[in-house]
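Got a minute to ask how the labels on a protein model get decided? Have a look at this one and we'll go through it together.

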Amino acid sequence: MPAAGLRSNLVTEWDLVCAARWKVPLEQTTHLLGWALGSVTAGMACDRFGRRPTFLLSLGLAVPLGLGVALAIDFVMVLVARLLFGAALAGAFLSLYVARLELCDPPHRLEVTMIAGFSWLAGELLLPGLAVLCRDWRVLQGAVTAVLALLAACWWCPSLLLESPRWLLATQQLDRARKTLRALSGSGAEEQSGTMEELEALAEQCPHPRYHNVCEIFGTRVIWKNAVILGFTAFIGSGIRHCFSRNLAPHLPRFFPAYFALRGPEAAACLFLCVTAERCGRRSVLLLCTVLTGTASLLLLALTQYLLELIVLMLSVLGVTASHAVTMLSIFFASEVLPTVVRGAGLGLVVGANLVGSAAAPIAAVASSRGFFLHHLVFASFAILAVLSIMLLPESQGRRLPHSLQDGESQRRPPLFRRPPREDHLPLLAPRGIPHDYSRIVPSAQRALGSGRGPAGPTET
């Protein structure tokens with residue numbers, strides 16, 4: 001559309017109007033399906049091969065696949081290339097998300113994740129300007145691919161992204177963990193020669209690493225429950241957003257005002273989580289945002305014809321903002337409560353559920369207005385059900401990340417309005433100039449070696 005800043009796009013290239021207009025939401029759905037499949041696949045690869053190799057491979061694959069989209073000769077080729085391109089982007093996003101989280105200490109996990117969220121939002125705000133400069137969808141795709149190629153070249157530098165020491169310790173790769181910790185701490189690691197010797201001794205006792213796969217999640221109780229609940233809330237948060245944004249469409253008929261206006265609630269959701277989630281806890285804020293989402297949805301569902309237009313607009317903006325917060329916090333919450341050995345696979349399932357919910361908007365566009373009431377009613381009912389299920393989640397604020405399946409199974413649900421004790425404020429590595437203390441790492445590795453051969457730990461009753 002010229003209004004979108006592009007003189008040539010998929011619609012004008014292949015005349016996707018009138019009887020062929022259903023192909024436009026089909027292309028959008030296919031791209032989101034690629035993201036969902038890529039998240040699940042990359043999550044399993046993260047737990048088997050590591051965070052860094054998965055990220056570099058995904059980013060490297062995104063470059064030729066992006067060029068394939070730009071050079072597509074027919075619509076079917078566009079669909080296939082967009083599917084694979086979305087899968088590669090999802091793999092890079094998920095592996096970097098997990099690696100970044102595992103390098104942070106508890107007080108800074110949320111802060112670093114929200115900074116990354118604002119960076120993502122900044123990229124979305126710059127994209128229309130890039131489209132205006134390119135004027136053609138093939139040139140725009142080529143420009144995006146060139147940026148990915150530049151990032152891939154930068155990230156191949158070993159010092160920019162090291163393998164996660166938490167994952168190496170959790171999978172009993174103690175020799176690689178020792179080398180990574182020395183690389184992260186620099187010369188300060190020499191002061192902890194005794195600790196490094198203990199890691200070397202443990203590495204000799206366990207020469208073979210122990211990996212875990214996604215099927216082991218299904219055999220747990222607490223971990224599986226947490227993953228299902230958070231995947232469900234992420235699915236609701238992304239799926240119900242279309243019900244609110246549809247009410248905003250009549251007030252924003254032009255492309256650029258609509259595009260930038262919908263980025264505002266996303267930024268507001270990030271700011272809200274920055275202020276509240278670290279002070280009030282993840283579970284309480286997720287419960288509040290879900291209640292707001294469900295309440296706004298039910299009011300619009302039952303009273304749209306009787307409310308003033310201004311009130312409908314305010315409820316829609318509130319719903320979009322709250323649904324963004326539900327989605328972002330569900331993914332972040334899942335990354336904290338899932339154990340390190342299956343964090344990639346579990347988070348991949350949660351992100352995949354979020355993207356399946358996002359596909360509700362293009363699917364609904366195929367049927368135009370038919371079925372919108374049922375769509376809204378189903379997601380509003382799901383939101384009420386999610387409010388009840390969130391009460392079963394543990395609290396991860398200020399707590400160390402669980403490493404083994406036993407750690408994940410031992411998590412308990414605290415009272416809602418009582419803040420849990422803050423267990424771990426120590427970073428994985430001390431700041432420069434402060435003596436490094438790895439005394440907690442070796443006992444954790446010893447416990448992992450001792451419990452790795454035994455049955456699962458206690459489960460929640």
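This is a predicted model: local features need pLDDT of at least 70, side-chain atom pairs count only at pLDDT 80 or more; totals for chains, interfaces and linings use all residues.

What follows is a set of questions and answers about the labels used for this model.

Q: How do you know how confident the predictor is in the protein chain?
A: Look at pLDDT, the predictor's confidence in each residue, from 0 to 100. The mean for the protein chain is 83, and 83% of its residues reach 70 or more. Helix α9 (residues 193-205) has the lowest confidence, at a mean of 51, while helix α11 (residues 222-239) has the highest, at 95. Over residues 187-195 the pLDDT is below 50. It also stays under 50 over residues 452-461.

Q: Why is the meeting of Arg-51 and Glu-102 called a salt bridge?
A: The term needs a side-chain nitrogen of Lys or Arg within 4 Å of a carboxyl oxygen of Asp or Glu. The structure holds 13 salt bridges.

Q: What makes the pair of Arg-51 and Glu-102 tie together parts that are apart in sequence?
A: Arg-51 lies in helix α3 (residues 51-70) and Glu-102 in helix α4 (residues 75-102), so the pair links parts that are 51 residues apart in sequence. Helices here are DSSP runs (H or I, at least four residues; strands are E, at least two), numbered from the N terminus.

Q: How do you know whether Glu-278 and Arg-282 are buried or exposed?
A: Check the relative accessible area: buried means under 20%, exposed over 50%, and partly exposed in between (1.4 Å probe, protein chains only). Glu-278 has 18% and Arg-282 has 0%, so both are buried. Their side chains meet in a salt bridge too, at 3.0 Å, N to O.

Q: Why is helix α12 (residues 241-248) called largely enclosed?
A: Six of its eight residues are buried, so the rest of the structure largely encloses α12. The buried ones are Arg-241, His-242, Cys-243, Phe-244, Asn-247 and Leu-248. Among the parts that cover them are α11, α13 (255-280) and α14 (282-303).

Q: Why is helix α2 (residues 23-49) called roughly antiparallel to helix α16 (residues 343-358)?
A: Their axes come within 7 Å and cross at roughly 175 degrees. Axes are lines fitted to C-alpha atoms, for helices over the stretch in contact, with angles from 0 to 180 degrees between N-to-C directions. Under 35 degrees is roughly parallel, over 145 roughly antiparallel, 65 to 115 roughly perpendicular and the rest oblique, so α2 and α16 are roughly antiparallel. Among the residues making the contact are Trp-35 of α2 and Leu-349 of α16.

Q: What makes the phi of Asp-15 worth a look?
A: Most residues other than glycine have a negative phi. Phi of Asp-15 is near 55 degrees, a positive value. Asp-15 sits in the loop between α1 (10-14) and α2, and its relative accessible area is 53%, so Asp-15 is exposed.

Q: Is Gln-172 buried or exposed, and how do you know?
A: Gln-172 has a relative accessible area of 8%, so Gln-172 is buried. Its place is the loop between α7 (165-170) and α8 (174-185), and its phi is positive too, near 65 degrees.

Key
Residues are numbered from 1 along each chain as its sequence is written. Side-chain values use heavy atoms; hydrogens and water are left out. Contact means heavy atoms within 4.5 Å.
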